[in-house]
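Please look over the structure shown below.

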Amino acid sequence: MASILQYLVYGLQLGSVYALLALGYTMVYGIVRMLNVAHGDFLMIGAFGTYFISKLFTNMVVDGTYPVIAVVAIILIAMVLTGSIAVAVEAIAYRPLRNKPRMIALITAVGVSMFLENFPRALPFIGPNPRSFPTLFITEHFTVAGASVTNVQIIMIVFAIVTMTALYLVVNRTKIGSQMRAVSMDRDAALLMGVNVNQVISITFFVGGALAAVSGICYASAYPQVDVYMGSWLGNMSFVAAVLGGIGDIRGAMLGGFILGIAQILATAVNSTFGYAVGFIILIVILLVKPAGIMGKTTIEKV
Amino acid sequence: MKKVKSLYPALMVVIMYVAIMVLKEVRILNGYYIQVLMFAGINVMMTASLNLVNGFTGQYCIGHAGFMSLGAYGAAVVTTLIFGGKSGVPLLLQTPVFLLGLFVGGCCAALVGALIGIPSLKLKGDYLAIVTLAFGEIVRALLRLIQPIGGARGMIGIPNYANIGWILFFVALTLYLLRNLIYSPFGRAFVAIRDNEIAADAMGINTTKYKIMSFCIAAFIAGVAGGLYAHVLSFIQPDSFSIAKSNDFLVYLYAGGAGSLTGSIVGAVLLTVIPEVLRFLADWRLAVYAVVLVIVMLYRSEGLCGGYELPFLKITRGSLYGIEEPKKKLSFKKKKDA
């Protein structure tokens with residue numbers, strides 16, 4: 001029983017990484033209707049950004065770790081940096097293709113993803129070798145009902161849930177949120193109503209990139225290693241999570257992320273290869289039962 | 001005269017083969033170049049078959065490497081495990097065994113292709129795409145679990161039966177069959193589904209049947225290509241057929257031009273050769289390749305050969321769109337545009 005609880009903790013930890021990344025996927029899909037394959041690489045940029053920014057703050061290190069204010073500053077700078085890169089990617093590579101067939105945008109995203117992985121790899125000060133991630137939080141262990149929990153895990157899970165709630169409220173209660181929903185429903189009509197579509201899309205990419213940076217920091221704090229290819233498989237899994245929950249739906253992304261994280265950890269406990277495949281099997285089963293994902297609305301196709 | 005003209009493409013293949021052999025003899029082409037050419041040929045087969053699903057039937061398959069891996073493993077199991085590799089087969093029987101292996105590999109892939117076609121009854125667009133991607137990854141995970149075929153370590157000692165001649169033959173055969181299929185009533189049904197599924201349904205086309213058929217045929221060709229791949233490299237492992245590989249084929253297809261067999265050839269050959277040519281850039285190679293790809297997509301988003309087809313890759317009795325092919329004057333103009 002205790003070990004099941006332990007797996008659950010690990011599952012929630014991994015799930016919160018997936019969920020944060022899936023939020024970005026789902027928002028971009030909801031608004032631009034494109035699968036941004038390069039989204040996982042924003043996670044890598046966030047993690048690497050944090051690595052280099054924390055190097056700048058090294059003179060603030062006390063007892064092998066950073067003071068809270070420095071940690072907050074590092075995370076915020078990394079979020080803004082990654083968000084800006086996401087906005088730049090959208091403006092350079094995706095905006096010109098907005099009215100083209102969606103597969104074209106997907107291929108461009110594959111190209112962007114290759115660039116984001118291989119450009120840092122070629123840069124001499126980053127390179128292909130993994131780096132060890134600095135400790136931003138001192139790990140403390142607690143024992144809850146026989147399962148060991150660390151404060152990093154709690155921070156991650158709480159942060160993921162808080163972010164999701166905040167994002168849900170922003171999308172549903174604020175002006176920019178209603179603009180986002182308007183663009184998502186009908187871009188041309190939104191344009192006619194005076195919504196600045198380009199700005200809304202840029203903001204969406206910024207938020208997606210910033211969340212990817214946070215999930216990158218979470219992931220790298222839990223598994224303290226960063227390399228240029230870390231984003232690709234995490235990106236794939238969180239993409240599955242977003243679809244599982246119903247792509248385009250914020251609550252769905254969160255739910256999908258946690259389901260996938262827990263299922264993957266439980267299955268990995270049985271067999272490590274099976275752990276990777278189980279997410280895809282769940283995905284196919286759910287899509288066969290509910291073709292638009294758990295929370296997704298089935299749309300009726302009109303001629 | 002017309003009879004003679006229809007033999008030109010076959011003649012071209014023979015000339016290409018002879019040219020490659022001569023260049024090999026005079027040592028302009030070394031083994032490395034030949035291998036790059038062989039992979040280019042396999043990629044042409046993969047891209048052309050993907051074109052049938054994505055470009056002509058309008059479905060989204062983004063896990064094509066899954067079919068390739070099934071074919072590679074199917075063929076390798078036949079030639080290596082059942083017939084005991086190169087030493088187990090007398091010289092005379094090697095070709096039949098090789099062909100049998102390729103056929104079995106193709107059939108394995110086609111069978112699963114039919115299975116994948118079934119969700120396509122319910123799912124559309126992006127969701128179908130994701131199911132195909134998930135399928136590719138599940139196949140990879142399962143292959144890693146099966147120990148008799150080497151598990152995650154992969155299979156070694158596969159006889160290297162496939163040479164440049166076989167590859168050329170199969171590429172030519174694939175293109176010939178696909179061309180004839182696309183300009184047949186079946187092909188028209190595929191294109192009708194792509195252009196408007198509901199309208200196609202209303203016109204009495206059994207969309208389910210044709211969608212599954214398109215997946216099956218594409219999977220079969222991908223399986224044969226996978227079999228060739230296994231017999232070129234002599235070594236296969238599940239991880240070489242990952243999402244990255246599937247993405248490669250998508251890139252070849254759309255950079256070359258979806259819905260054009262010429263595009264599949266140009267895209268696959270060019271984008272297989274470019275990374276090899278860029279080897280002098282060392283670490284910057286893939287970054288430059290990615291930039292080239294993005295620029296192509298931005299400035300020519302219909303693909304390099306989008307909307308253009310080489311004369312011997314189309315049948316000019318009527319065009320794809322059911323309209324009579326324009327008169328000679330017009331078709332000349334069309335070429336100038338492309």
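Helix 12 of chain B is mostly covered, since 12 of its 14 residues are buried, where buried denotes 20 or more other C-beta atoms within 10 Å of a residue's own, exposed 12 or fewer, and partly exposed anything in between, with C-beta atoms placed from the backbone. Among the buried residues are Ile243(B), Phe249(B), Tyr252(B) and Gly256(B). Helices (H or I, at least four residues) and strands (E, at least two) are DSSP runs numbered from the N terminus. The 14 residues of this helix, 243-256, should span 20 Å at 1.5 Å a residue, and its end C-alpha atoms are 20 Å apart, which agrees; the expected span is 1.5 Å times one less than the number of residues. Just after helix 12 of chain B, Gly257(B) takes a positive phi of about 125 degrees.

This is a predicted model, in which local features need pLDDT of at least 70 and side-chain atom pairs count only at pLDDT 80 or more, whereas totals for chains, interfaces and linings use all residues. Residues are numbered from 1 along each chain as its sequence is written, and chains are lettered from A and ligands numbered from 1 in the order in which they are written.

Tyr17(B) lies in helix 2 (residues 8-25) of chain B and counts as partly exposed because it has 16 C-beta neighbours inside 10 Å. Leaving aside neighbours within four places in sequence, Tyr17(B) is in contact with Gly165(B) and Leu168(B), contact meaning that the C-beta atoms, placed from the backbone, lie within 7 Å.

Between the chains, 32 residues of chain A are in contact with 31 residues of chain B. On the side of chain A that touches chain B, helix 4 of chain A gives the most, with 13 residues. The residues of that side divide as follows.

| Class on the side of chain A | Residues |
|---|---|
| Nonpolar (Ala, Val, Leu, Ile, Met, Phe, Trp, Tyr, Cys, Pro) | 25 residues |
| Polar (the others, Gly among them) | five residues |
| Charged (Asp, Glu, Lys, Arg) | two residues |

Strand 2 (residues 141-144) and strand 3 (residues 147-150) of chain A pair in the antiparallel sense over four bridges, pairing being defined by at least two DSSP bridges. His141(A) stands opposite Thr150(A), and in the hairpin, which has two residues between the strands, Ala145(A) takes a positive phi near 50 degrees.

The largest nonpolar core has 208 residues, and Ala19(A) and Ala47(A) have the most contacts inside it; such a core joins buried Ala, Val, Leu, Ile, Met, Phe, Trp, Tyr and Cys residues through C-beta atoms within 7 Å.

Definitions and conventions: Contact = placed C-beta atoms within 7 Å.
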